[in-house]
Structure formats: structure tokens, C-alpha cells
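Dear colleague,

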Amino acid sequence: MKAVEVYRSVPRYVATRVLTQRTPLAQGLAPVRYVDRREPSLPGDGWVRVKPLLSGICGSDLATVSGSSSFYFSPLVSMPFTPGHEVLGELEDGTRVVLDPVLGCAARGLDPCASCAAGATSRCDRVTLGHVSPGLQTGFCADTGGGWSGGLVAHTSQLHVVPGDLPDERAVLAEPLACAVHVARRSGIEKDQSVLVVGAGAVGLLTLLTVRALTPAGRITAVAKHPKQTALARELGADEVVGPSAVVRGIRRSTRAVVVSPERGRDYLLGGVDVSIECSGSSTGLDTAVRTTRAGGRVVLAGLPTSGVDLTPVWYRELEVVGAYATHAGDFATALELLSDERLSGLTTSFHPLTRWREAIDEAASAGRLGLAKVGFDLRDGERGAA
Amino acid sequence: MTRPGFVLEVDERTPPLLVHSGESFRLERFPLGTRVIYPAESLPALPDVPAAIADALDNPLGDSKPLRELLFSGMRLTIAFDDISLPLPPMRTPDIRQQVIEQVLELAARAGVDDVQLISANALHRRLTAGELKRIVGERVFRSFYPEALVNFDAEDRDNLTHLGVTPHGEDVEISKRAAESDLLVYVNVNLVAMDGGHKSTSIGLASYNSLRHHHNPHTMTHSRSFMDPRHSEMHKSAWRMGKVLQSNVKVFQIETTLNNAAFPSQYGFLTKREWEWSVKDQAMAVGMSKSIDRLPAQLRRKVFRDIVADYGVTSVQAGEIEPVHERTLQHVHRQQLVEVEGQTDVVVFGLPYIGPYNVNSVMNPILTMCLGLGYFFNMYRNKPLVRKDGAIILFHPTPWEFSQLHHPSYVDFFEEVLTATTDPAVMSERFEKQYAEDEWYRHLYRTSHAYHGVHPFYMWYWGAHALDHVQDVIYVGADRKSVERMGFRTASSLRDALAMASGSVGSDPSITYLHSPPHILADVR
């Protein structure tokens, strides 16, 4: 079975982290390889084989292969692993399924921890225990395989059947959309509250959709870099879309806040939005969020900032910082309902055969600039993938 | 002998004509038959301005006593003066306001008046810098009074405003407390165009938003036909009503001055001469500058224009009661600027210069080009507009997407937020004006920095309301397409293209009038 694999190599990891960052594969330094390996074995009862059909490349995957993810995660993964946790797959009987990648207590053959018992599987405390190797999700675990391959194994508790009439290209968005559902639910937005969504990649766009659909938000402002993102953000629910350099002024305008200019660093607001949602995964994005959220407001981390941010505003403005990782029970069901929204067909996707893995990853790193909402692999024609 | 303004009809012998276009200008060939309205040559300046000032102060118009008799020891005297928006371009120093203020202060000193305050009557305009104030009042006055007794008016200083009452039309009259509580308010004006002066000086220059909103609104502006004809301007009628209330509470001694048409210094003589009378040097300057100025770096080009100071000469000084003074002032303005024009045309062409009242030492942003073209130039008429109803206006200006964050912060937001929602003055007034007028950040910048008031971009747009209501097409030549589209207008790369674009509204063979200004022309359209 062909697979893309991340393996342990300290020199390559260091070189990638220091030298290449967001163009991880261009220089061939990343500890990533295309291999021929045995299919993963079934770890125990309740596990089944899944043949990936389409598999997305997520921002966290890019952070992993570019060496920019936090060392915090190092005990929560097991090497080597096949990335890919945004998976539309097929069971042996032909049933199409999407994967909830969290490897919680049920998948690990453990009695449920308090979080899993409450349906908050993404908060599982036992992702290093049980009968599979450490791994917070499928796609970061040595035993399960991942979506960037010809086959993976999954626990039935992780699988959700896809409605028959849902096209593959939209169904593969189920996992990121379920995460966006979770973000909307975690954001605690109250009636008519103003919202800022920072970033208009896949996470940002899907978050716009879910915030508009599932919360009583008032005015939503989105931050987008590229023209295609701007158009999609408006389509999916933003009342206003501003560029990264105009966000402070844009939020000031809509909230009538006061702009102040520190002696060094970026302008910030006294006043601002009620809730900001960071979806870019960048420290600049988080910095924008904390500088434009009103005192006592909430900052939701949907993306994964990888470097330091001045948290003075969090202290001084008494901001409430809320993480939103993966999904809880019910989020996938909601996502599968929302996937019928025709506006999602406006999200341009690009899927490559697995053999073109380098190009695919580099394209994913430039997706916004290229006007693509999702880049991934097409494995419907076997491991070589569709042309 | 000064030659009056006149109307030229373009024929085969007519040379290319000078057309202002922001920080540049063009030599443009107009279609045969185009009417070109030329300004009058500059009237002779008064030979002895100090003597004329002294005479005006001693021999006031109306029922006013001479100024020296109105001054007494122990009194509270306030001298208000027009701000930096007048004259344009700034005049060579000493500014006429300096010369007047120095004489007023001298009389006050002789009378033993100690409590004197000078106020720049900037209403909702930006605060002047110390240097700008000094340029207006002169070194001696500046040193003696700045900063405690030489100040910018602050229309948002609630503790220092006085509500004097309401007009019979229910219009609030709220002005500077210092002016309202003075024993005498002396107003020193520079009456560049017929819109300026009269009751507008005090009841607008020293007024708050609470007062100004009664006439600076789309309805009043649409029915001011024109701003340059106070008798037919609803804005002026409102200001006059307010002036009556003000005068019943405050004693005002009005000093008005008029300038001639020497709007540019002698080295730029070609800007005020008729093209066929250009000397070889004028021709060289005009051709050289029109071809080279665009190639200069933007900052250098801006500096070239900002450094221009006009050779304005003073043509009259009159003082005393507001209305008789202003009546005399208008006669002098008309003597210089009025040009008779026979009938309207399908298309009117304006070349917008680099400067307007609201971008002195600043940037002419897109909203200000609209105000200058559709507000000021369009309204330079008496009786009826130069362009017929449903005709077309063609403006020359590059209109870059450029704003001064220092001077025009609310304009930036107006451009981004308001104009993307509507370009209709009435709709924007209803939906957006109040929140901009009461925005605390704009208030803060207006009061402490050098920013125009938050509501100011609305007023600029309202200035164009009459033109927007009157014409069907507004086309910019040589402008930034995105800026112009944001304002709801169209762009053309040349005059010929603009005329082709306007053919939908005015036909393929329209009558055309080009207002060859500056210097200022007030078209008396018969």
C-alpha cells in the first residue's frame, strides 16, 4: 500500500523548521516520504478498514510537515505516522463514511473518561493510553494509518455515514465543517453580538457559515487576504470583509471604538467586537483578535497559533480566551446537515493523486493565494489516485 | 484698464487650452463651438491697504459706530477670523487678516482693552497648527496671544458653547461661549467668493454641529441655487435667520475684505493669462510643466504646488453692520468675478485644481474632488446652472485613492462604509450621519489633533447634492477608476471619450461650456 509518511529525523526536522517553514517540501528537507508499506492491522474489536476516497490537507498537517507545530504535541503522536484526518472513505461493503479523527476512550478500548462520557471526546485525557499507540487523532498515530494512503483503520465510534446524495467533493469537508460547528458552539455568541472572524481559508470560511447558521450573531466582519476569499466570505455570511492591514480601522468603524497607537507595535482598539474567532493559525491573526476585541469580550482559537503573541490585551482588557479543538458529540451530525448548503459548492477544491504529494502539499500551503478553499488527495482510482 | 471676463467660442485658430487636473494640468483641444468662459483680469489692488482698513474702521456702514467708539476699558473683546480654508491658494504675507487684526488690536490697546481673545472660526474644520495660525495673524500677534488668547474654535467643547435661542424656523443657534459673552465680537473675513461672509461668518464659523445641522443637510443644499447667490441659497437664508438671533444677543462688528484675481504668483503667469496671449516664456513654462510635472515623484510634485502663494491684491475693505457690509462686499466680488453667459449647455467641463478649501497642506482625497467639482465649481452661477437639467459634468482630476489619516480620518471610513452602501445624500444622512457626528474617536481627533470633524465628509457630499439632483452624468477624465466608481461616477481617458460616454444623456453633438477657472468666475447665466 502506498502512503505518505512523516518519520522521525531530528536533522531534517530542525532544517525544515529553521529553513523552509511554509514551503515545506520545495527543498526536500521535510521528514516526509512516500512509502510502500503494509496496511495497518485492526487494533481490536470495533475497528474496521476504511479505504480513503478523498483526503484533505489541513493547516495542522502543514504545520506538522513544515516543523512549525508546537513541541507540546510531541508526546501525543507516535512515529512514523501517515497524515490525513479529513477523510471521506469507503467501508468494505461500499458504505461511504467520513471520519471523526479523535482517538478517544472508545477507540482505545478504555472506559470513558469524564470528557468522553460527557460527549466531549476532543477533550479526552487518555489519548496516549489503551491498545493503540499515542495519537490525538487518526493521522498522527502510528497504528491507524491516515488519509494520505490507500487504507486506514478506524473505530466504528469514529465513523459517520454520508447521505447518498452528497457529492464526494463536498462530503470530504465534513470534518473541517464539524470543527467549525464546534467553534460556533464554543464561541458563546449572544443575540446581535458583533463578531470578527480572522482568516478566510477553509477554517475561516466554514466558521463564517456555522456562526451565521447556528448563532444569533449580529454584524460579522471577516479578515481576508485574497479576492476569492473576500467574495466567498461575503457569500457565506460576512457583513463586511476587510484586508489584514485594514482590520483595526474596519472594526473601529463598525463598533465605534477608539483607536490608540502604541509607541511600538500595531494600533489597537479601546472597544471592539464582542467575540473574535482566530481562524488563520498565525500569531498575527491572534494578535489582531486580541487587539480588536472589546474589554470583557471573548477570543476563540479555532486556528493553531504557533509562535508568541503579546498577551497584554488579554490581561488588561480581561479577555476570555476559549480554545476550540476538533469536535464534540453532535457536531458531525450538524455538519452533515449543513453540507447540503449549496453555497458550499462555491468552495473551490483541488485534489491530486497521491503520487503528486509534493505538489499537493505545496499547493495547500498557497491555497489562499491560488483561490482554493481545500486541497487534498484523490484516491478513488486506487493509490495512484485519479488523474 | 482691467479687461472683463468673457465667453470665447472655440474655432480653428483656438490654441489648446489650459485645464487644471489636480497636481498637474493639461493643454487640451476642445471641440469646435465649445464656449469657454474666461475670468476677468485682475482688478487693481488698493494702493494703501492699511489706510483703507483704517478708513473702514472709522467710517462703518449701517448704524454701527466707528470701532474706536465701541472699545472701552474693562470690556471683553473677541476677534474671530476666517480659517485656513481662505483664500486659495494662501496669499502672500502679510495676510489681509493680519493687517486688519493688527489695527483692531491697536485701537483696543489705545482704549485700554485687556481682555482680548482671538479665535480661528473653523467650525467643524480641522484645528490649525501653530504655524498656520502664525501665518494668518502674523508674528507679532502670534507671539503676544498664542496659545492662551489665540485659539482654534472647538465646536465639541460643550462647556464653552452657548445656546442663544432658535430661529422662527426652529433652528438652534449655538456658538462659541466666549464670542457669545463678549461685549463686542469683531469678525475679520476674507471674502474670496460670493458664498463667503455676511451672517455666514459668525453663525457658521463659530457654530456647533447642533446649529450647523439645520442647514448643512441634503434638503437645504439641494435648494441652495446657488451657494454663490445668497439671495437664492437656502443655506444662506438659514444662516441669515440664525444671524438675526445671534445679533440680538451679541454685538458684532463685521470687517470684510475682497481680493482680486491674482490667484497665482508672477512666475506662474500663464495660469492666469489667456492662452493666445502667452509670451514665449509662458508657452515654455506651460508646455514644460504640463509634460514634466507628472514625471516628478509625488512628494516633490506636491511640494511644488504647496509652495505656491498667490499674489492676491486687496480690492476693498468694509466694516460695520453685517448686512450693509456684506452687500458692499458682494458688489466688489461681482465686480471681479461676474461674467455674463447666454444660456445653458448640455455639457460643462471643469478642470479641478490641486487645492480646495479642505485640503490646504493636505491631500485632495476623492470626496473632496467631488465637493470641489459638484459643490463649488457647479455652483459658480447666478440665475441658473451653466449646464442644463439632465446634462453632463466632465471633471478633470486624477482622483487617486489617497487620504490624509491626520486630517481626514472620518473620510476614510466614509469612503469605505458609507459610499459602499449609498451615494444618495438623503439616504446617507438618514442612515449614517448621526453616528459619524457623535463618534467619540472622531470627536477626540477633532479636538486634540488636526482632524476634520467626523461629520465633515457628509457635508462635503451634501455640497454636491444640488448637482447630483440636476445632472444625469458625471464623468472624470484621467482619474483612478476605482476611486471614481466608488463614488458612483464614471471615468474616461480623454475628453473625447468622456463626450462619447455622455452621448447617452446629451446626444452625440452636445453644446459644451468650459469654465476656465481658477481664477474664480461667477457665471451670470441668462
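The notes below set out what was found.

This is a predicted model, in which local features need pLDDT of at least 70 and side-chain atom pairs count only at pLDDT 80 or more, while totals for chains, interfaces and linings use all residues. Residues are numbered from 1 along each chain as its sequence is written, and chains are lettered from A and ligands numbered from 1 in the order in which they are written.

Chain A as a whole

Chain A holds 13 helices and 17 strands; helices (H or I, at least four residues) and strands (E, at least two) are DSSP runs, numbered from the N terminus. Its C-alpha atoms fill a box of roughly 60 × 40 × 40 Å along the principal axes. Of the 387 residues in chain A, 53% are buried. A residue is buried if 20 or more other C-beta atoms lie within 10 Å of its own, exposed if 12 or fewer, and partly exposed in between, with C-beta atoms placed from the backbone.

The parallel sheet of chain A

Six strands of chain A form an open sheet with parallel pairing, in the order 10-9-8-13-14-15; two strands pair if DSSP finds at least two bridges between them. Strand 10 (240-242) and strand 15 (320-323) of chain A each have a single partner strand, so one side of each is left without a neighbour in the sheet. Within the sheet, strand 13 (residues 273-278) and strand 14 (residues 293-301) of chain A are joined by five bridges, and Ile277(A) stands opposite Val300(A) in strand 14 of chain A.

Helix 11 of chain A

Six of the eight residues of helix 11 (residues 331-338) of chain A are buried, so this helix is largely enclosed by the rest of the structure. Among these buried residues are Phe332(A), Leu336(A) and Leu338(A). The buried residues of helix 11 of chain A pack against strand 7 (159-161), helix 5 (174-187) and helix 6 (202-214) of chain A.

Nonpolar cores

The largest nonpolar core has 172 residues, and those with the most contacts inside it are Ile393(B) and Ala523(B). A nonpolar core is a set of buried Ala, Val, Leu, Ile, Met, Phe, Trp, Tyr and Cys residues joined through C-beta atoms within 7 Å. Helix 14 (residues 366-377) of chain B gives the most to this core, with eight residues. Apart from this core lies another, of 114 residues, including Ala3(A) and Val203(A).

The interface

Nine residues of chain B are in contact with six residues of chain A, contact being C-beta atoms, placed from the backbone, within 7 Å. Helix 15 of chain B gives the most to the side of chain B that touches chain A, with four residues.

Local features of chain B

Cis peptide bonds join Leu86(B) to Pro87(B), with omega about -15°, and Leu88(B) to Pro89(B), with omega also about -15°. Pro87(B) is in the loop between strand 5 (76-81) and helix 3 (96-110) of chain B. Asn361(B) has a phi near 60°, a positive value in a residue other than glycine, and is partly exposed, with 17 other C-beta atoms within 10 Å.

Methods. Two residues are in contact if their C-beta atoms, placed from the backbone, lie within 7 Å.
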